[in-house]
Amino acid sequence: MTDEEREEIVRLRLENSAKAAEVLKERELWSSVVNRMYCAFYYAVVALLIQNGIETNTQAGMRQMLNFHFVKAGKLFKEMGQ
């Protein structure tokens, strides 16, 4: 899979998560809204990593790479890495 294909998949998943969260919010299904927003943030971080040539296969790896390459490097505030 090319970087462009990965980015497109992430973009679509991010878009779909945000749309789903909006629908769930309208129905006041708050627990599900939180779940969809978590997914949206996850895909946003994956997209950030892909754009910077950083690969990871697990959620734990994604968090580790975000903290190492962006938080510890001073590109993101510590609170954003939590």
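Charges came up as my opening entry: I compared the mean positions of the 11 positive and 11 negative charges in this predicted model, and they sit 7 Å apart. I counted Lys and Arg as positive and Asp and Glu as negative, leaving out His and the chain ends. Each charge was placed at NZ of Lys, CZ of Arg, CG of Asp or CD of Glu.

Ground rules for my notes: the model is predicted, so local features need pLDDT of at least 70 and side-chain atom pairs pLDDT 80 or more, while totals for chains, interfaces and linings use all residues. Numbering runs from 1 along each chain as its sequence is written, and side-chain values use heavy atoms, without hydrogens and water.

Fold next. I found three helices and zero strands, read as α-α-α along the sequence. These are DSSP runs numbered from the N terminus (helices H or I, at least four residues; strands E, at least two).

Then burial: 24% of the 82 residues are buried, meaning under 20% relative accessible area with a 1.4 Å probe, protein chains only.

Which residues make up the largest nonpolar core? I listed 12, among them Val10, Cys39, Ile54 and Phe70. Helices H2 (30–51) and H3 (59–71) are the elements that give two or more residues to this core, and H2 has the largest share, seven. Such a core is a set of buried Ala, Val, Leu, Ile, Met, Phe, Trp, Tyr and Cys residues joined through side-chain atoms within 4.5 Å.

Last, Met62, a core member. Leaving aside residues up to four places away in sequence, Met62 touches Tyr42, Val45, Val46, Leu49 and Thr56 (contact: heavy atoms within 4.5 Å).

Notes:
Buried means under 20% relative accessible area, exposed over 50%, partly exposed in between (1.4 Å probe, protein chains only).
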